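This report covers nonpolar cores and aromatic rings. The sequence and structure come first.

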Amino acid sequence: MTKLAVLGTGDAVDPNADVPAPIQTAATSSRPVLLDVPGVVFPDSQAAREACAQAYLDAGIAAAHEGFDGLYINTVGDYGLHRLRQAVDIPVTGSGEAAIIDARKHGRFAFVTIWPPSMAFIYQAILDAAGAVEDCVAIHHLSGDPQLATLGQSGNFVEQMQACSLTSMQQIRAACTEALEREGAEVIVLGCTCMQPVAALLERDGLPVIEPMTAGYRRLEALAATAH
């Protein structure tokens with residue numbers, strides 16, 4: 001059985017847990033191992049994004065030296081993905097890349113993200129890297145830039161979303177419906193691995209959704225299987 005490194009918790013609801021539950025469920029022919037990513041920061045600027053890329057690069061190289069069979073960047077931002085591929089000789093993927101690959105199988109898609117418009121550069125970067133700019137019909141931001149200042153507070157907008165609060169779910173469903181019915185999207189890509197808790201509720205409503213954390217790990221597992 002292959003041993004795959006999961007770099008980061010993906011903003012799991014319980015950050016003290018071991019491997020996030022969606023990855024444990026997705027793993028069928030591999031053993032996922034959660035690894036810390038020292039030096040990672042909140043990617044709210046281009047400079048912070050670069051710091052994240054370096055942190056994931058360093059953590060991934062260390063994991064490869066430890067004998068892991070594959071590396072999973074457990075964040076939609078795919079920080080350091082392409083540099084890491086150049087640095088190691090084992091399969092590497094990220095949740096953003098994998099989600100886009102899955103979405104393109106359905107046709108055109110839209111991102112629905114908890115993060116505000118000031119962080120749109122993250123999505124532009126992964127779309128550019130995947131050559132999928134023309135396939136993405138919209139990026140819906142569910143928060144405003146001033147809300148970033150509340151992240152350290154109890155009951156902030158991310159916690160409310162992860163708790164699937166009524167207001168959050170109404171907002172998320174409305175954005176998905178807008179993209180699907182008016183903007184030409186065939187499928188919705190959730191824009192952060194922290195949004196995993198809402199995926200099942202949206203699917204229960206009949207909305208076509210790509211959940212990046214699961215999509216990414218499944219893709220790495222498939223890549224690692226063919227590499228052996």
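Which lysine lies over the face of phenylalanine 68, and at what distance from the ring centre? Lysine 3 does, at 4.4 Å; a charge sits over a ring if NZ of Lys or CZ of Arg is within 6 Å of the ring centre and within 35 degrees of the ring normal.

## Basis

This is a predicted model, in which local features need pLDDT of at least 70 and side-chain atom pairs count only at pLDDT 80 or more, while totals for chains, interfaces and linings use all residues. Residues are numbered from 1 along each chain as its sequence is written, and side-chain values use heavy atoms, without hydrogens and water.

## Nonpolar cores

A nonpolar core is a set of buried Ala, Val, Leu, Ile, Met, Phe, Trp, Tyr and Cys residues joined through side-chain atoms within 4.5 Å; buried means under 20% relative accessible area (1.4 Å probe, protein chains only). The largest such core has 65 residues, of which Phe109, Phe111, Trp115, Ile172 and Met195 touch the most other members. A second, separate core has 12 residues, including Leu4 and Tyr72.

## Aromatic pairs

Rings of Phe, Tyr and Trp (its six-membered ring) pair if their centres lie within 6.5 Å; planes under 30 degrees apart count as stacked, over 60 as edge-to-face and the rest as tilted. There are six aromatic pairs by this rule. Tyrosine 56 and tyrosine 79 have ring centres 6.1 Å apart and planes at 40 degrees, so this pair is tilted. Tyrosine 56 is buried at 7% relative accessibility, and tyrosine 79 is buried at 6%.

Tryptophan 115 and phenylalanine 157 pair edge-to-face, 6.0 Å centre to centre with 90 degrees between the planes. Both residues are buried. Ring pairs join Phe42, Trp115 and Phe157 into a cluster.

Note on methods:
Buried < 20%, exposed > 50% of the residue type's maximum accessible area, 1.4 Å probe, protein only.
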